[in-house]
Amino acid sequence: MELPVLNDQPESKGESGCSAGSCGSTDDQLDHLSDEIREKVQNHPCYSEDAHHYFARMHVAVAPACNIQCHYCNRKYDCANESRPGVVSELLSPQQAVKKTMAVAANIPQMTVLGIAGPGDPLANLERTFETFQTLSRDAPDIKLCVSTNGLALPDAVEELAKHNIDHVTITINCVDPEVGAKIYPWIYWNNRRIKGKKAAKILIKQQQKGLEMLVAKGILVKVNSVMIPGVNDQHLAEVSRIVKEKGAFLHNVMPLIAEAEHGTFYGVMGQRGPTADELQALQDSCSGDMNMMRHCRQCRADAVGMLGEDRGDEFTMDKIEDMDIDYQAAMVKRKVIHQAIEAEMNEKRASKEEHTIALPKLNTRPVLMAVATSGQGVINMHFGHAKEFLIYEASSEGARFISHRKTELYCSGDDSCGEAETALEKNIRTLEGCEVVLCSKIGFEPWEQLEAAGIQPNGEHAMEDIEAAVMAVYLEMAEAGKLDETTQQKRANA
Amino acid sequence: MSLSIIESCVNCFACEPVCPSEAIYEAKPHFLINSKKCTECEGDFADPQCATICPIEGAILNALGEAINPPGSLTGIPPEKMAEAMAELQAH
Ligand code: SF4
Ligand code: SF4
Ligand code: SF4
(Lines give C-alpha, C1' and ligand atoms only; values in the text may rest on other atoms or scores of the structure.)
(Ligands and ions follow the chains in the order given, each with its own letter.)
Protein backbone atom coordinates (compact mmCIF):
# COMPACT_ATOMS: atom_id res chain seq x y z
CA MET A 1 0.00 0.00 0.00
CA GLU A 2 1.39 3.37 -0.98
CA LEU A 3 0.90 6.00 1.63
CA PRO A 4 2.03 9.56 1.67
CA VAL A 5 4.07 10.63 4.67
CA LEU A 6 1.78 13.57 5.08
CA ASN A 7 -1.95 13.40 5.06
CA ASP A 8 -1.91 14.96 1.64
CA GLN A 9 -4.88 14.10 -0.44
CA PRO A 10 -3.48 12.64 -3.67
CA GLU A 11 -5.32 15.22 -5.72
CA SER A 12 -4.11 18.08 -3.56
CA LYS A 13 -2.79 21.07 -5.37
CA GLY A 14 0.66 22.38 -4.79
CA GLU A 15 -0.34 25.99 -4.42
CA SER A 16 -2.65 25.67 -1.49
CA GLY A 17 -1.67 27.22 1.81
CA CYS A 18 -0.86 24.20 3.81
CA SER A 19 0.01 20.64 3.09
CA ALA A 20 -0.17 19.03 6.49
CA GLY A 21 -3.64 17.60 6.76
CA SER A 22 -3.34 18.13 10.45
CA CYS A 23 -3.19 21.82 10.69
CA GLY A 24 -5.62 24.66 10.91
CA SER A 25 -6.21 24.55 7.22
CA THR A 26 -5.93 21.33 5.33
CA ASP A 27 -5.49 21.09 1.62
CA ASP A 28 -8.84 19.58 1.35
CA GLN A 29 -10.43 22.46 3.12
CA LEU A 30 -8.40 25.01 1.21
CA ASP A 31 -9.24 23.49 -2.11
CA HIS A 32 -12.83 24.57 -2.08
CA LEU A 33 -11.95 28.09 -1.00
CA SER A 34 -11.74 30.89 -3.48
CA ASP A 35 -8.30 31.92 -4.75
CA GLU A 36 -8.76 35.16 -2.91
CA ILE A 37 -9.13 33.47 0.45
CA ARG A 38 -6.39 31.01 -0.28
CA GLU A 39 -4.09 33.89 -0.94
CA LYS A 40 -5.04 35.47 2.36
CA VAL A 41 -4.08 32.33 4.22
CA GLN A 42 -1.02 31.32 2.26
CA ASN A 43 1.56 33.34 4.15
CA HIS A 44 -0.19 33.87 7.43
CA PRO A 45 1.59 32.03 10.23
CA CYS A 46 -1.49 31.82 12.41
CA TYR A 47 -3.79 30.48 9.72
CA SER A 48 -1.60 28.03 7.94
CA GLU A 49 0.26 25.31 9.74
CA ASP A 50 2.75 25.21 6.90
CA ALA A 51 3.28 28.95 6.74
CA HIS A 52 4.06 29.25 10.41
CA HIS A 53 7.36 27.49 9.88
CA TYR A 54 8.41 30.22 7.47
CA PHE A 55 6.58 33.44 8.08
CA ALA A 56 6.57 35.62 11.16
CA ARG A 57 4.06 37.82 12.86
CA MET A 58 4.26 40.63 15.32
CA HIS A 59 1.88 42.27 17.72
CA VAL A 60 1.89 45.82 18.93
CA ALA A 61 0.32 46.85 22.20
CA VAL A 62 -1.55 50.07 21.44
CA ALA A 63 -4.88 49.21 22.98
CA PRO A 64 -4.86 48.83 26.75
CA ALA A 65 -8.48 49.63 27.59
CA CYS A 66 -11.16 46.98 27.81
CA ASN A 67 -14.92 47.20 27.91
CA ILE A 68 -15.63 43.89 29.61
CA GLN A 69 -14.17 41.73 32.35
CA CYS A 70 -13.31 38.09 31.90
CA HIS A 71 -12.76 35.85 34.88
CA TYR A 72 -9.46 34.65 33.42
CA CYS A 73 -8.01 38.11 33.10
CA ASN A 74 -6.41 40.46 35.54
CA ARG A 75 -6.00 43.84 33.95
CA LYS A 76 -2.88 44.47 35.97
CA TYR A 77 -1.17 42.17 33.52
CA ASP A 78 -1.59 41.42 29.88
CA CYS A 79 -4.73 39.58 29.06
CA ALA A 80 -3.96 36.17 30.51
CA ASN A 81 -5.45 34.04 27.79
CA GLU A 82 -4.75 36.06 24.72
CA SER A 83 -1.10 36.51 25.62
CA ARG A 84 1.38 35.28 28.13
CA PRO A 85 0.40 36.46 31.55
CA GLY A 86 2.48 38.35 34.00
CA VAL A 87 4.58 40.19 31.46
CA VAL A 88 3.38 43.69 30.90
CA SER A 89 3.72 44.75 27.30
CA GLU A 90 5.39 47.91 26.24
CA LEU A 91 2.48 50.22 25.58
CA LEU A 92 2.93 52.15 22.34
CA SER A 93 1.32 55.20 20.86
CA PRO A 94 -0.04 54.64 17.34
CA GLN A 95 2.93 56.54 15.87
CA GLN A 96 5.38 54.40 17.83
CA ALA A 97 3.55 51.26 16.79
CA VAL A 98 3.82 52.21 13.13
CA LYS A 99 7.51 52.94 13.51
CA LYS A 100 8.13 49.66 15.28
CA THR A 101 6.19 47.66 12.71
CA MET A 102 8.15 49.15 9.83
CA ALA A 103 11.45 48.61 11.66
CA VAL A 104 10.63 44.95 12.26
CA ALA A 105 9.36 44.42 8.73
CA ALA A 106 12.57 45.87 7.34
CA ASN A 107 14.79 43.77 9.61
CA ILE A 108 12.80 40.53 9.63
CA PRO A 109 11.56 40.25 6.07
CA GLN A 110 9.66 37.06 6.95
CA MET A 111 7.33 39.26 8.99
CA THR A 112 4.07 39.31 7.05
CA VAL A 113 1.42 40.02 9.63
CA LEU A 114 0.84 42.78 12.16
CA GLY A 115 -1.75 42.10 14.79
CA ILE A 116 -3.34 44.26 17.43
CA ALA A 117 -4.59 42.06 20.22
CA GLY A 118 -4.52 43.99 23.40
CA PRO A 119 -3.49 43.97 26.25
CA GLY A 120 -7.08 45.27 26.33
CA ASP A 121 -9.66 45.12 23.58
CA PRO A 122 -8.53 46.84 20.36
CA LEU A 123 -12.09 47.84 19.52
CA ALA A 124 -12.56 49.42 22.91
CA ASN A 125 -9.68 51.66 21.80
CA LEU A 126 -11.02 52.50 18.38
CA GLU A 127 -9.04 55.67 17.84
CA ARG A 128 -5.67 54.20 18.76
CA THR A 129 -6.30 51.00 16.82
CA PHE A 130 -7.60 52.62 13.66
CA GLU A 131 -4.91 55.27 13.59
CA THR A 132 -2.32 52.48 13.58
CA PHE A 133 -4.11 50.52 10.86
CA GLN A 134 -4.74 53.59 8.72
CA THR A 135 -1.12 54.63 8.65
CA LEU A 136 0.16 51.12 8.01
CA SER A 137 -2.25 50.31 5.23
CA ARG A 138 -1.06 53.49 3.53
CA ASP A 139 2.69 53.34 4.21
CA ALA A 140 3.36 49.61 4.40
CA PRO A 141 0.84 48.01 2.06
CA ASP A 142 2.68 44.69 1.98
CA ILE A 143 1.85 43.96 5.60
CA LYS A 144 -1.33 42.12 6.44
CA LEU A 145 -3.22 43.50 9.39
CA CYS A 146 -5.29 41.61 11.86
CA VAL A 147 -7.13 42.29 15.04
CA SER A 148 -8.47 40.29 17.97
CA THR A 149 -11.52 41.32 19.91
CA ASN A 150 -13.92 40.22 22.60
CA GLY A 151 -16.65 41.24 20.15
CA LEU A 152 -18.65 43.67 22.27
CA ALA A 153 -17.88 46.67 20.07
CA LEU A 154 -17.43 44.67 16.90
CA PRO A 155 -20.65 45.37 14.95
CA ASP A 156 -19.98 49.09 15.04
CA ALA A 157 -16.41 48.63 13.85
CA VAL A 158 -16.91 46.30 10.89
CA GLU A 159 -17.38 49.07 8.36
CA GLU A 160 -14.15 50.78 9.36
CA LEU A 161 -12.20 47.51 9.57
CA ALA A 162 -13.16 46.67 6.02
CA LYS A 163 -11.54 49.88 4.80
CA HIS A 164 -8.03 48.87 5.80
CA ASN A 165 -5.78 45.98 4.86
CA ILE A 166 -7.57 43.73 7.29
CA ASP A 167 -8.01 40.18 6.08
CA HIS A 168 -8.54 38.56 9.43
CA VAL A 169 -10.37 39.19 12.63
CA THR A 170 -10.21 36.97 15.69
CA ILE A 171 -13.19 36.93 18.01
CA THR A 172 -12.96 35.29 21.40
CA ILE A 173 -16.23 33.42 21.83
CA ASN A 174 -16.43 31.27 24.93
CA CYS A 175 -20.15 30.58 24.93
CA VAL A 176 -23.45 31.07 23.15
CA ASP A 177 -25.52 30.54 26.29
CA PRO A 178 -25.92 33.43 28.78
CA GLU A 179 -26.08 30.95 31.69
CA VAL A 180 -22.57 29.82 30.82
CA GLY A 181 -21.53 33.36 30.00
CA ALA A 182 -22.48 34.62 33.43
CA LYS A 183 -19.88 32.26 34.88
CA ILE A 184 -17.17 33.69 32.63
CA TYR A 185 -17.92 37.42 32.43
CA PRO A 186 -18.71 39.28 35.64
CA TRP A 187 -19.55 42.56 33.89
CA ILE A 188 -19.55 44.56 30.68
CA TYR A 189 -19.57 48.30 30.01
CA TRP A 190 -22.51 48.93 27.74
CA ASN A 191 -24.43 52.11 26.88
CA ASN A 192 -22.62 53.98 29.65
CA ARG A 193 -23.59 51.52 32.33
CA ARG A 194 -21.88 48.63 34.04
CA ILE A 195 -24.06 45.60 33.47
CA LYS A 196 -23.55 42.37 35.37
CA GLY A 197 -24.51 38.72 35.28
CA LYS A 198 -26.67 36.96 32.73
CA LYS A 199 -27.93 40.18 31.24
CA ALA A 200 -24.37 41.23 30.47
CA ALA A 201 -23.51 37.87 28.95
CA LYS A 202 -26.60 38.01 26.77
CA ILE A 203 -25.61 41.35 25.28
CA LEU A 204 -22.03 40.25 24.72
CA ILE A 205 -23.09 37.03 23.01
CA LYS A 206 -25.50 38.89 20.76
CA GLN A 207 -22.83 41.39 19.73
CA GLN A 208 -20.28 38.65 19.06
CA GLN A 209 -22.64 36.69 16.85
CA LYS A 210 -23.75 39.79 15.00
CA GLY A 211 -20.15 40.85 14.46
CA LEU A 212 -19.25 37.41 13.16
CA GLU A 213 -22.10 37.47 10.66
CA MET A 214 -21.23 40.96 9.48
CA LEU A 215 -17.57 40.12 8.93
CA VAL A 216 -18.38 36.97 7.03
CA ALA A 217 -20.78 38.95 4.84
CA LYS A 218 -17.93 41.33 4.02
CA GLY A 219 -15.59 38.48 3.07
CA ILE A 220 -13.25 39.06 6.01
CA LEU A 221 -11.84 35.84 7.44
CA VAL A 222 -12.88 35.15 11.00
CA LYS A 223 -11.04 32.99 13.47
CA VAL A 224 -12.85 32.14 16.66
CA ASN A 225 -10.83 31.62 19.82
CA SER A 226 -12.37 29.82 22.76
CA VAL A 227 -10.87 29.36 26.17
CA MET A 228 -11.61 25.90 27.52
CA ILE A 229 -12.66 26.13 31.16
CA PRO A 230 -13.31 22.71 32.72
CA GLY A 231 -16.68 22.52 34.42
CA VAL A 232 -17.75 25.86 32.96
CA ASN A 233 -17.81 25.69 29.18
CA ASP A 234 -16.00 22.47 28.25
CA GLN A 235 -19.24 20.62 27.52
CA HIS A 236 -20.58 23.63 25.69
CA LEU A 237 -17.74 24.33 23.26
CA ALA A 238 -18.67 21.69 20.71
CA GLU A 239 -21.96 23.58 20.32
CA VAL A 240 -20.08 26.87 20.00
CA SER A 241 -17.89 25.28 17.35
CA ARG A 242 -20.89 24.06 15.40
CA ILE A 243 -22.62 27.44 15.46
CA VAL A 244 -19.65 29.58 14.52
CA LYS A 245 -18.80 27.18 11.74
CA GLU A 246 -22.34 27.35 10.42
CA LYS A 247 -22.07 31.09 10.36
CA GLY A 248 -18.93 30.93 8.28
CA ALA A 249 -16.02 31.25 10.71
CA PHE A 250 -12.89 30.03 9.02
CA LEU A 251 -11.05 28.57 12.00
CA HIS A 252 -11.88 27.57 15.52
CA ASN A 253 -9.05 27.66 18.01
CA VAL A 254 -9.70 26.07 21.40
CA MET A 255 -7.13 27.19 23.93
CA PRO A 256 -6.58 25.94 27.45
CA LEU A 257 -7.45 28.15 30.40
CA ILE A 258 -4.38 29.49 32.16
CA ALA A 259 -5.24 30.07 35.80
CA GLU A 260 -2.53 30.45 38.40
CA ALA A 261 -3.31 32.05 41.74
CA GLU A 262 -0.45 34.51 41.33
CA HIS A 263 -2.09 36.10 38.31
CA GLY A 264 -4.78 37.34 40.66
CA THR A 265 -7.59 36.41 38.30
CA PHE A 266 -10.96 35.22 39.55
CA TYR A 267 -10.31 31.71 38.26
CA GLY A 268 -6.77 31.72 39.59
CA VAL A 269 -7.71 32.78 43.08
CA MET A 270 -10.84 30.65 43.26
CA GLY A 271 -8.90 27.54 42.33
CA GLN A 272 -10.47 26.90 38.94
CA ARG A 273 -8.20 24.44 37.15
CA GLY A 274 -7.16 24.49 33.52
CA PRO A 275 -7.69 21.48 31.26
CA THR A 276 -5.09 18.72 31.00
CA ALA A 277 -3.37 18.23 27.67
CA ASP A 278 -5.48 15.13 27.13
CA GLU A 279 -8.77 16.89 27.83
CA LEU A 280 -7.83 19.71 25.50
CA GLN A 281 -6.94 17.34 22.74
CA ALA A 282 -10.13 15.34 23.15
CA LEU A 283 -12.18 18.52 22.86
CA GLN A 284 -10.21 19.72 19.85
CA ASP A 285 -10.82 16.37 18.21
CA SER A 286 -14.52 16.42 18.95
CA CYS A 287 -14.85 19.97 17.65
CA SER A 288 -12.89 19.37 14.50
CA GLY A 289 -15.35 17.39 12.42
CA ASP A 290 -15.33 19.24 9.16
CA MET A 291 -14.32 22.45 10.91
CA ASN A 292 -10.88 23.86 10.53
CA MET A 293 -9.22 23.56 13.89
CA MET A 294 -6.16 25.51 14.66
CA ARG A 295 -3.73 23.45 16.62
CA HIS A 296 -0.50 25.33 16.34
CA CYS A 297 -1.58 28.42 18.26
CA ARG A 298 1.07 29.55 20.70
CA GLN A 299 -1.04 32.03 22.67
CA CYS A 300 1.60 34.63 22.06
CA ARG A 301 1.83 37.70 24.23
CA ALA A 302 0.42 41.00 23.11
CA ASP A 303 3.72 42.34 21.79
CA ALA A 304 5.45 39.22 20.54
CA VAL A 305 7.74 39.56 17.55
CA GLY A 306 9.01 36.80 15.31
CA MET A 307 8.09 33.30 14.26
CA LEU A 308 5.34 31.58 16.24
CA GLY A 309 6.85 30.19 19.40
CA GLU A 310 9.70 32.68 19.44
CA ASP A 311 9.83 36.21 20.71
CA ARG A 312 12.39 38.66 19.42
CA GLY A 313 10.71 41.63 21.03
CA ASP A 314 13.87 42.56 22.90
CA GLU A 315 15.61 43.51 19.66
CA PHE A 316 12.94 46.06 18.92
CA THR A 317 12.32 48.02 22.06
CA MET A 318 11.33 51.65 21.54
CA ASP A 319 14.74 53.07 22.42
CA LYS A 320 16.44 50.79 19.90
CA ILE A 321 13.92 51.70 17.23
CA GLU A 322 14.34 55.43 17.72
CA ASP A 323 17.90 55.00 16.46
CA MET A 324 16.99 52.96 13.40
CA ASP A 325 16.72 54.68 10.07
CA ILE A 326 14.26 52.79 7.92
CA ASP A 327 13.89 53.18 4.18
CA TYR A 328 10.64 51.32 3.77
CA GLN A 329 10.48 51.60 0.01
CA ALA A 330 13.82 49.81 -0.27
CA ALA A 331 12.76 47.33 2.38
CA MET A 332 9.61 46.48 0.45
CA VAL A 333 11.61 45.54 -2.62
CA LYS A 334 13.85 43.30 -0.52
CA ARG A 335 10.85 41.80 1.27
CA LYS A 336 9.20 40.90 -1.98
CA VAL A 337 12.25 39.00 -3.21
CA ILE A 338 12.52 37.10 0.05
CA HIS A 339 8.82 36.27 0.20
CA GLN A 340 8.99 34.84 -3.29
CA ALA A 341 12.00 32.75 -2.37
CA ILE A 342 10.22 31.40 0.70
CA GLU A 343 7.12 30.56 -1.27
CA ALA A 344 9.23 28.78 -3.85
CA GLU A 345 10.92 26.81 -1.07
CA MET A 346 7.56 25.91 0.46
CA ASN A 347 6.26 24.72 -2.87
CA GLU A 348 9.39 22.73 -3.56
CA LYS A 349 9.29 21.08 -0.18
CA ARG A 350 5.66 20.21 -0.67
CA ALA A 351 6.34 18.75 -4.10
CA SER A 352 9.29 16.69 -2.89
CA LYS A 353 7.18 15.33 -0.05
CA GLU A 354 4.59 14.20 -2.50
CA GLU A 355 7.34 12.41 -4.39
CA HIS A 356 8.97 10.80 -1.42
CA THR A 357 6.04 8.90 -0.18
CA ILE A 358 7.03 5.98 1.96
CA ALA A 359 5.68 2.67 0.88
CA LEU A 360 4.05 1.44 4.05
CA PRO A 361 3.34 -2.23 4.31
CA LYS A 362 -0.30 -3.00 4.89
CA LEU A 363 -0.59 -2.24 8.55
CA ASN A 364 -3.30 -3.02 10.93
CA THR A 365 -1.78 -1.20 13.83
CA ARG A 366 -3.01 1.26 16.40
CA PRO A 367 -2.03 4.94 16.30
CA VAL A 368 0.75 6.30 18.51
CA LEU A 369 1.27 9.79 19.87
CA MET A 370 4.77 11.16 19.62
CA ALA A 371 6.24 14.37 20.96
CA VAL A 372 8.81 16.26 18.91
CA ALA A 373 11.31 18.87 20.10
CA THR A 374 11.84 21.41 17.35
CA SER A 375 12.54 25.08 16.91
CA GLY A 376 10.96 25.15 13.45
CA GLN A 377 11.69 24.52 9.78
CA GLY A 378 9.95 21.18 10.09
CA VAL A 379 12.98 19.31 11.42
CA ILE A 380 13.92 17.73 14.75
CA ASN A 381 16.51 20.15 16.03
CA MET A 382 16.00 20.71 19.75
CA HIS A 383 17.68 19.30 22.79
CA PHE A 384 15.08 17.73 25.08
CA GLY A 385 16.12 19.93 27.97
CA HIS A 386 15.94 23.12 25.92
CA ALA A 387 12.51 22.55 24.48
CA LYS A 388 9.97 25.15 25.55
CA GLU A 389 7.28 23.18 23.85
CA PHE A 390 6.72 19.91 22.07
CA LEU A 391 4.80 19.35 18.89
CA ILE A 392 2.53 16.36 19.23
CA TYR A 393 2.11 14.09 16.22
CA GLU A 394 -0.07 11.11 15.80
CA ALA A 395 1.45 8.31 13.74
CA SER A 396 -0.87 5.71 12.30
CA SER A 397 -1.18 3.52 9.28
CA GLU A 398 -2.61 6.60 7.58
CA GLY A 399 0.58 8.61 8.01
CA ALA A 400 1.72 11.32 10.40
CA ARG A 401 -0.75 13.90 11.62
CA PHE A 402 0.07 17.04 13.57
CA ILE A 403 -2.16 17.22 16.63
CA SER A 404 -1.09 20.08 18.84
CA HIS A 405 1.77 21.62 20.69
CA ARG A 406 2.26 21.40 24.41
CA LYS A 407 4.21 23.90 26.43
CA THR A 408 6.75 22.84 29.02
CA GLU A 409 8.60 24.49 31.80
CA LEU A 410 12.29 24.57 31.02
CA TYR A 411 13.85 22.27 33.53
CA CYS A 412 17.38 23.07 32.51
CA SER A 413 17.60 26.82 32.59
CA GLY A 414 21.35 26.82 33.03
CA ASP A 415 21.36 29.12 36.03
CA ASP A 416 21.34 28.28 39.70
CA SER A 417 17.59 27.89 39.89
CA CYS A 418 18.31 24.21 39.32
CA GLY A 419 17.24 23.40 42.85
CA GLU A 420 13.77 22.79 41.52
CA ALA A 421 15.06 20.98 38.47
CA GLU A 422 13.67 17.65 39.44
CA THR A 423 10.14 18.75 39.96
CA ALA A 424 10.31 20.71 36.72
CA LEU A 425 11.48 17.63 34.86
CA GLU A 426 8.66 15.66 36.39
CA LYS A 427 6.30 18.38 35.28
CA ASN A 428 7.67 18.17 31.75
CA ILE A 429 7.15 14.47 31.71
CA ARG A 430 3.58 14.97 32.81
CA THR A 431 3.16 17.40 29.90
CA LEU A 432 3.94 14.48 27.61
CA GLU A 433 1.19 12.33 29.09
CA GLY A 434 -0.32 10.07 26.46
CA CYS A 435 2.78 10.13 24.24
CA GLU A 436 4.79 6.96 23.77
CA VAL A 437 7.84 8.42 22.06
CA VAL A 438 9.69 11.68 22.29
CA LEU A 439 11.92 12.70 19.40
CA CYS A 440 14.65 15.25 20.01
CA SER A 441 18.11 16.10 18.77
CA LYS A 442 19.74 15.13 22.05
CA ILE A 443 18.79 14.19 25.56
CA GLY A 444 20.60 13.84 28.86
CA PHE A 445 21.00 10.62 30.81
CA GLU A 446 18.76 11.53 33.71
CA PRO A 447 15.71 12.64 31.72
CA TRP A 448 16.24 9.58 29.51
CA GLU A 449 15.87 7.28 32.48
CA GLN A 450 12.91 9.12 33.88
CA LEU A 451 11.12 9.18 30.55
CA GLU A 452 11.61 5.46 30.15
CA ALA A 453 10.34 4.91 33.66
CA ALA A 454 7.24 6.89 32.70
CA GLY A 455 6.72 4.65 29.69
CA ILE A 456 7.88 7.19 27.10
CA GLN A 457 10.66 6.11 24.77
CA PRO A 458 13.21 8.88 24.14
CA ASN A 459 14.73 8.89 20.67
CA GLY A 460 17.65 11.04 19.51
CA GLU A 461 18.45 9.10 16.38
CA HIS A 462 16.64 11.38 13.95
CA ALA A 463 18.28 14.70 14.72
CA MET A 464 17.97 17.22 11.88
CA GLU A 465 15.59 14.99 9.98
CA ASP A 466 12.21 15.95 8.61
CA ILE A 467 9.63 15.56 11.38
CA GLU A 468 6.93 13.62 9.56
CA ALA A 469 9.44 11.29 7.91
CA ALA A 470 11.10 10.57 11.25
CA VAL A 471 7.79 10.05 13.02
CA MET A 472 6.77 7.50 10.40
CA ALA A 473 10.16 5.78 10.46
CA VAL A 474 9.88 5.30 14.21
CA TYR A 475 6.29 4.15 13.82
CA LEU A 476 7.32 1.53 11.29
CA GLU A 477 10.08 0.28 13.61
CA MET A 478 7.53 -0.04 16.37
CA ALA A 479 5.18 -1.89 14.05
CA GLU A 480 7.91 -4.27 12.95
CA ALA A 481 8.87 -4.93 16.54
CA GLY A 482 5.28 -5.98 17.11
CA LYS A 483 4.57 -3.23 19.59
CA LEU A 484 1.44 -2.01 17.89
CA ASP A 485 -0.65 -5.05 17.48
CA GLU A 486 -3.59 -4.13 19.65
CA THR A 487 -5.88 -3.46 16.77
CA THR A 488 -8.83 -3.03 19.08
CA GLN A 489 -7.48 0.26 20.35
CA GLN A 490 -9.66 3.05 19.14
CA LYS A 491 -8.06 4.79 16.21
CA ARG A 492 -7.79 8.50 16.70
CA ALA A 493 -7.04 8.94 13.04
CA ASN A 494 -10.50 7.82 12.13
CA ALA A 495 -12.26 9.71 14.86
CA MET B 1 -16.86 68.06 44.11
CA SER B 2 -14.83 65.61 42.16
CA LEU B 3 -13.77 62.02 41.91
CA SER B 4 -10.14 61.02 42.27
CA ILE B 5 -7.89 58.26 41.06
CA ILE B 6 -5.42 56.68 43.44
CA GLU B 7 -2.25 54.64 43.10
CA SER B 8 -3.88 51.28 42.46
CA CYS B 9 -4.76 52.56 38.96
CA VAL B 10 -3.00 50.42 36.34
CA ASN B 11 -3.04 53.05 33.58
CA CYS B 12 -5.31 51.05 31.34
CA PHE B 13 -6.76 54.10 29.56
CA ALA B 14 -10.33 52.84 29.83
CA CYS B 15 -11.63 55.82 31.75
CA GLU B 16 -10.04 58.57 29.72
CA PRO B 17 -12.12 58.37 26.52
CA VAL B 18 -15.44 57.88 28.33
CA CYS B 19 -15.23 61.01 30.49
CA PRO B 20 -17.73 63.57 29.15
CA SER B 21 -15.84 66.46 30.75
CA GLU B 22 -12.33 65.68 29.53
CA ALA B 23 -11.32 65.75 33.14
CA ILE B 24 -9.10 62.66 33.03
CA TYR B 25 -5.52 62.84 31.88
CA GLU B 26 -2.61 60.47 31.54
CA ALA B 27 -0.03 61.19 34.20
CA LYS B 28 2.77 59.42 36.04
CA PRO B 29 2.69 57.20 37.95
CA HIS B 30 -1.04 56.93 37.22
CA PHE B 31 -3.97 58.67 35.56
CA LEU B 32 -5.44 61.70 37.30
CA ILE B 33 -8.68 63.65 37.42
CA ASN B 34 -8.66 67.40 37.10
CA SER B 35 -10.93 68.33 39.98
CA LYS B 36 -11.89 71.64 38.34
CA LYS B 37 -13.26 69.87 35.29
CA CYS B 38 -14.89 66.80 36.84
CA THR B 39 -18.65 67.17 37.10
CA GLU B 40 -19.17 63.70 38.53
CA CYS B 41 -20.92 63.24 35.21
CA GLU B 42 -23.93 65.10 36.52
CA GLY B 43 -26.23 66.13 33.71
CA ASP B 44 -24.58 63.66 31.32
CA PHE B 45 -24.97 60.20 32.82
CA ALA B 46 -26.59 58.52 35.76
CA ASP B 47 -23.29 57.00 36.89
CA PRO B 48 -19.81 58.49 36.90
CA GLN B 49 -18.38 57.02 33.71
CA CYS B 50 -14.82 56.54 34.88
CA ALA B 51 -15.90 54.44 37.84
CA THR B 52 -18.30 52.55 35.62
CA ILE B 53 -15.65 51.24 33.24
CA CYS B 54 -12.64 51.05 35.58
CA PRO B 55 -11.67 47.39 36.08
CA ILE B 56 -9.61 47.96 39.22
CA GLU B 57 -11.36 47.79 42.55
CA GLY B 58 -10.57 50.73 44.77
CA ALA B 59 -8.80 52.82 42.12
CA ILE B 60 -11.47 55.53 41.96
CA LEU B 61 -12.74 57.38 45.01
CA ASN B 62 -15.83 59.49 45.35
CA ALA B 63 -15.80 63.04 46.71
CA LEU B 64 -15.87 61.65 50.24
CA GLY B 65 -12.77 59.58 49.60
CA GLU B 66 -14.60 56.24 49.52
CA ALA B 67 -13.91 53.57 46.94
CA ILE B 68 -16.73 53.53 44.42
CA ASN B 69 -15.87 49.94 43.51
CA PRO B 70 -14.95 48.32 46.81
CA PRO B 71 -12.98 45.05 47.02
CA GLY B 72 -14.92 42.12 45.59
CA SER B 73 -17.44 44.26 43.73
CA LEU B 74 -15.93 43.85 40.25
CA THR B 75 -13.95 40.66 40.18
CA GLY B 76 -16.35 38.69 42.34
CA ILE B 77 -13.38 37.47 44.35
CA PRO B 78 -14.31 37.66 48.05
CA PRO B 79 -11.69 39.88 49.72
CA GLU B 80 -10.79 37.21 52.28
CA LYS B 81 -10.19 34.71 49.48
CA MET B 82 -7.88 37.17 47.76
CA ALA B 83 -5.99 37.82 50.99
CA GLU B 84 -5.65 34.10 51.54
CA ALA B 85 -4.28 33.49 48.05
CA MET B 86 -1.81 36.32 48.34
CA ALA B 87 -0.65 35.20 51.79
CA GLU B 88 -0.08 31.74 50.39
CA LEU B 89 2.02 33.13 47.56
CA GLN B 90 4.10 35.26 49.92
CA ALA B 91 4.85 32.18 51.99
CA HIS B 92 6.54 30.50 49.03
S1 SF4 C 1 -11.43 40.82 26.72
FE2 SF4 C 1 -9.27 40.36 26.98
S3 SF4 C 1 -8.46 42.19 27.98
FE4 SF4 C 1 -10.65 42.29 28.21
S5 SF4 C 1 -11.02 41.35 30.19
FE6 SF4 C 1 -11.26 39.75 28.65
S7 SF4 C 1 -9.29 38.76 28.55
FE8 SF4 C 1 -8.99 40.74 29.56
S1 SF4 D 1 -16.86 61.40 37.23
FE2 SF4 D 1 -17.39 61.79 35.10
S3 SF4 D 1 -16.65 63.86 34.79
FE4 SF4 D 1 -15.65 63.16 36.63
S5 SF4 D 1 -13.74 62.30 35.89
FE6 SF4 D 1 -15.17 60.60 36.00
S7 SF4 D 1 -15.99 60.50 33.98
FE8 SF4 D 1 -15.04 62.48 34.11
S1 SF4 E 1 -9.92 52.91 34.23
FE2 SF4 E 1 -9.16 52.71 36.31
S3 SF4 E 1 -7.26 51.58 36.13
FE4 SF4 E 1 -7.80 52.26 34.08
S5 SF4 E 1 -6.69 54.19 33.86
FE6 SF4 E 1 -8.71 54.71 34.62
S7 SF4 E 1 -8.49 54.75 36.84
FE8 SF4 E 1 -6.72 53.72 36.03
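Are A:F266 and A:Y267 buried or exposed? Both A:F266 and A:Y267 are buried, where buried stands for under 20% relative accessible area, exposed for over 50%, and partly exposed for what lies in between, with a 1.4 Å probe and protein chains only.

Before I go on, this is a predicted model, in which local features need pLDDT of at least 70 and side-chain atom pairs count only at pLDDT 80 or more, while totals for chains, interfaces and linings use all residues. Residues are numbered from 1 along each chain as its sequence is written, chains are lettered from A and ligands numbered from 1 in the order in which they are written, and side-chain values use heavy atoms, leaving out hydrogens and water.

Over all chains there are 3 aromatic pairs, a pair being rings of Phe, Tyr or Trp (its six-membered ring) with centres within 6.5 Å, called stacked under 30 degrees between planes, edge-to-face over 60, and tilted for the rest. One of them joins A:F266 and A:Y267 edge-to-face, at 5.9 Å centre to centre and 65° between the planes. Another, between A:F384 and A:F390, is tilted, with 5.5 Å between centres and 40° between the planes; A:F384 is buried at a relative accessible area of 0%, and A:F390 is buried at 0% as well.

Turning to charges over rings (NZ of Lys or CZ of Arg within 6 Å of the ring centre and within 35 degrees of the ring normal), the charged end of A:R128 sits over the ring of B:F13, 4.4 Å from its centre, and A:R194 lies over the face of A:W187, 4.4 Å from the ring centre.
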